[in-house]
Amino acid sequence: MARPLRLLMVSSEVESFARTGGLGDVVLGVSRALGQRGVDVAIVTPLYGTTKIPSDDLHRWIGTVPARVGWGPDDVRECGVVEVRLGPGVRVFLVDDPGLFQRDGIYGDAQGTFGDNELRFATMSRAALSIAERLWGGVGPDRGPDVIHAHDWHATFAILYARLTMGQAWSDVPSVFTIHNLAYQGVLGFDSLDRLALPREGYHPGILEHRGLVNLLKGAIALSDRTTTVSPTYAHEILVPEGGFQLHDFLRTQSYKTAGILNGIDVQTFDPRTDSTIAAQYGVEDFAPARFRNKEALFHELGLHEPRAPLFSLVSRLTHQKGIDLILPILGNLVQGGARVALVGKGDPDLERALYQLGGRFPGRIATRVAFDEGLARRIYAGSDFLMVPSRYEPCGLTQMYAMRYGCVPIVTDVGGLHDTVAPYNPVRDEGTGFVARNRDPLSLLIAADDAFTAYHDHRSFHRLIERGMRKDFSWTRSANEYLERIYRPITQLRTGL
């Protein structure tokens with residue numbers, strides 16, 4: 001009987017430990033689903049000052065593991081390792097280097113972005129390879145990982161070191177690189193090569209060099225066996241100038257090995273039938289009365305009036321990417337038309353102020369909460385009629401899937417994962433799961449919102465619209481099957497026969 005496939009997963013974020021957004025959700029969700037399929041998954045991530053560590057089923061490794069992040073004899077960091085078992089087939093290994101990671105933040109703190117992030121994540125990545133060697137008895141035929149899977153620029157070093165600096169056995173290990181957001185590429189100066197133990201031979205336009213600088217993400221894409229994006233549509237959007245962030249020409253040369261695999265969500269944690277954070281639990285068979293009780297409770301919590309009015313909500317990071325400024329001009333129209341609005345998010349200070357000002361202009365009709373509050377987000381999904389997701393670009397997006405799971409109808413722009421997850425509502429054919437703006441501008445979003453208003457008042461059709469969204473399968477099982485059958489097995493079968 002063949003042994004399980006061994007997967008080394010490297011990420012700067014892991015849900016339940018430390019995260020700032022969807023990256024951590026993806027890493028944990030797909031790893032758990034793969035573990036249930038019999039894969040032996042080792043997730044490596046730093047032990048931050050903000051990391052939440054479970055109180056049971058963990059132990060600290062005896063001794064340390066080396067992480068070479070420079071060419072000099074003293075450029076080796078000795079890192080502690082805390083191992084946590086998460087269930088069938090999945091273990092998390094926390095890299096303990098207090099000088100680099102014991103800070104009040106993942107990428108930065110109140111004073112701004114940390115100035116040594118490249119060193120911090122090079123250490124995480126190099127330590128990940130040392131952890132894999134110790135865990136699986138070295139590296140080579142029938143030893144070590146069968147696949148290295150690195151996520152976003154922070155983990156690019158795992159592929160770069162394996163392919164360029166650690167010898168033939170590591171160079172032969174198949175690797176996968178996932179682009180979660182192409183806007184963040186890990187761009188450094190030429191001096192970073194020697195400082196981070198990256199060979200100068202890799203500094204050319206085919207690997208690390210881009211516009212006179214070192215581009216870590218480009219290097220990982222060039223050297224990986226397969227590259228994935230977090231939705232099929234995003235895999236195409238990055239090939240054109242508008243979505244390619246100056247890498248579109250290079251990415252077109254790599255498109256033969258690029259696949260878009262849609263993210264999933266944790267359907268056990270995000271389940272309105274069992275969610276203890278909402279006022280009333282419900283399923284797809286009996287959602288109407290319970291969702292109205294949740295709506296009444298949400299109106300009371302936020303100080304909104306008239307719960308019979310349609311509620312349009314936003315739960316988002318407040319950034320340019322998320323298109324928050326595109327909906328600000330239309331919120332007054334919605335309120336004057338009889339809607340209520342709930343705005344929850346945190347981010348750009350100017351956008352935070354704009355949301356506060358709207359709440360002040362329309363008391364009882366617009367409620368603003370500048371916060372990252374997962375419990376409130378779930379109550380928004382359970383009690384709102386519509387969730388607005390006006391992104392300029394969206395590699396995948398999770399909030400629209402959470403919303404549909406809870407019976408909240410999404411209003412989205414037609415980009416990336418929003419295109420792949422939200423089917424446009426067609427009242428004539430009685431099909432679709434949400435409302436899709438034709439363009440990324442306020443007028444298109446207002447038209448989509450007006451269509452949502454109309455649908456809201458056709459109770460039978462609106463009921464069926466909600467039901468279709470709640471029945472969609474967004475589980476990680478689907479995504480894990482695609483990774484296993486489309487990505488991991490094809491690149492490993494030549495080396496191991498797994």
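A residue is called buried when its relative accessible area is under 20%, exposed when over 50%, and partly exposed in between (1.4 Å probe, protein chains only). The model described here is predicted, so local features need pLDDT of at least 70, side-chain atom pairs count only at pLDDT 80 or more, and totals for chains, interfaces and linings use all residues. Residues are numbered from 1 along each chain as its sequence is written, and side-chain values use heavy atoms, with hydrogens and water left out.

Begin at strand β20, residues 409-413; helices (H or I, at least four residues) and strands (E, at least two) are DSSP runs numbered from the N terminus. Five of its five residues are buried, so β20 is largely enclosed by the rest of the structure. In a regular strand, side chains alternate between the two faces of the sheet. Here V409, I411 and T413 point one way, P410 and V412 the other, and all are buried.

Strands pair if DSSP finds at least two bridges between them. β20 pairs in the parallel sense with β19 (residues 386-389) over four bridges, and V409 is the bridge partner of F386. With β21 (residues 435-437), β20 pairs in the parallel sense over three bridges, and V412 stands opposite V436.

V412 also belongs to a core of 78 residues, as do L318, L334 and F362. A nonpolar core is a set of buried Ala, Val, Leu, Ile, Met, Phe, Trp, Tyr and Cys residues joined through side-chain atoms within 4.5 Å. The largest nonpolar core has 97 residues, and its largest share, eight residues, comes from helix α3 (residues 117-135).
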